[in-house]
Amino acid sequence: WEDVNDNGYDGGRVRASTSRLYTGVDETLQRLDEVCDREGPFDGVLGFSQGATVAALLCMRRPHAFRFAVLISGFVPHDPRWAAHFQPEVVALPSLHCFGEADRSVPEERSRLLASSFASAASVQHVHAGGHAIPSDAAFRTAAKDFVAAAMAGGGGAGGGAVGGADVKIKEGTGGGGRTIRTPPPVAPDASSDASGGVAPSAEAEAKFERDYATWRLLARGAH
């Protein structure tokens, strides 16, 4: 994807995370579309670094091709054409985002920005102490296993009970250390005037809330 003429150099080389002009993205996504049409749908999609960015774009254009996404050290592109796709919570798919505090290639805040394009009610973030790499420690393996199990068990109604309760908790770090990432439950939709002149949430907003809350409850059970 990197264009060597775009001055996106980092330490004598062009990096996808710093490049401001991408080439070949349309061809890449077209080829992936063909694979999805021929072999999909799939249980999930996993991407690392530039691959996580590609996977996120694919989730945006093929929302029914996957049941979940695992994105490691992903980032929002600097290329404005593709960065424009990364709007807040445009993807409802359950997602696990993993990034390192010592990542010098993709700073943590850029991975968090990519994560913000996925519905917060169905999103889990796992932060490790390492750099630009796929962690192999027990903390990440457990987080990934619990997330995938919860995502694969998804579907059905939201269940009873009021919104609230414990946040989703994913332990992180190595050697038993690290922080805890919490994903709050979804917020009930705001009221809006209906056709009869009364005040009530729209049917679309209600349906989205039901889906988000169902996913949050599954993730909450799987992550503890």
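Pro41 sits in the loop that links helix H1 (25-39) to strand S1 (44-48), where helices (H or I, at least four residues) and strands (E, at least two) are DSSP runs numbered from the N terminus. The peptide bond leading from Gly40 into Pro41 is cis, with omega near 0°. For context, most peptide bonds are trans, and most residues other than glycine have a negative phi.

A word on the basis of these values: the model is predicted, so local features need pLDDT of at least 70 and side-chain atom pairs count only at pLDDT 80 or more, while totals for chains, interfaces and linings use all residues. Residues are numbered from 1 along each chain as its sequence is written, and side-chain values use heavy atoms, with hydrogens and water left out.

Turning to the chain as a whole, its secondary structure comes to six helices and eight strands. Along the sequence these follow the pattern α-β-α-β-α-β-α-β-α-β-β-β-β-α. The chain has 224 residues, of which 43% count as buried; buried means under 20% relative accessible area, exposed over 50%, and partly exposed in between (1.4 Å probe, protein chains only). Of the contacts (heavy atoms within 4.5 Å) between residues at least 6 apart in sequence, 70% join residues at least 24 apart.

Ser73, in the loop between strand S2 (68-72) and helix H3 (80-83), has a positive phi near 55°. Ser73 counts as buried because its relative accessibility is 0%. Glu89 also has a positive phi, near 50°, and belongs to the loop between H3 and S3. With a relative accessibility of 39%, Glu89 counts as partly exposed.

Ser117 itself is found in the loop between helix H4 (108-115) and strand S4 (123-128), and its relative accessibility of 0% is why Ser117 counts as buried.

His97, in strand S3 (residues 95-100), counts as buried at 1% relative accessibility. With residues up to four places away in sequence again set aside, His97 touches Leu71, Leu114, Ala115, Phe118, Ser123, Val124, Gln125 and His126.
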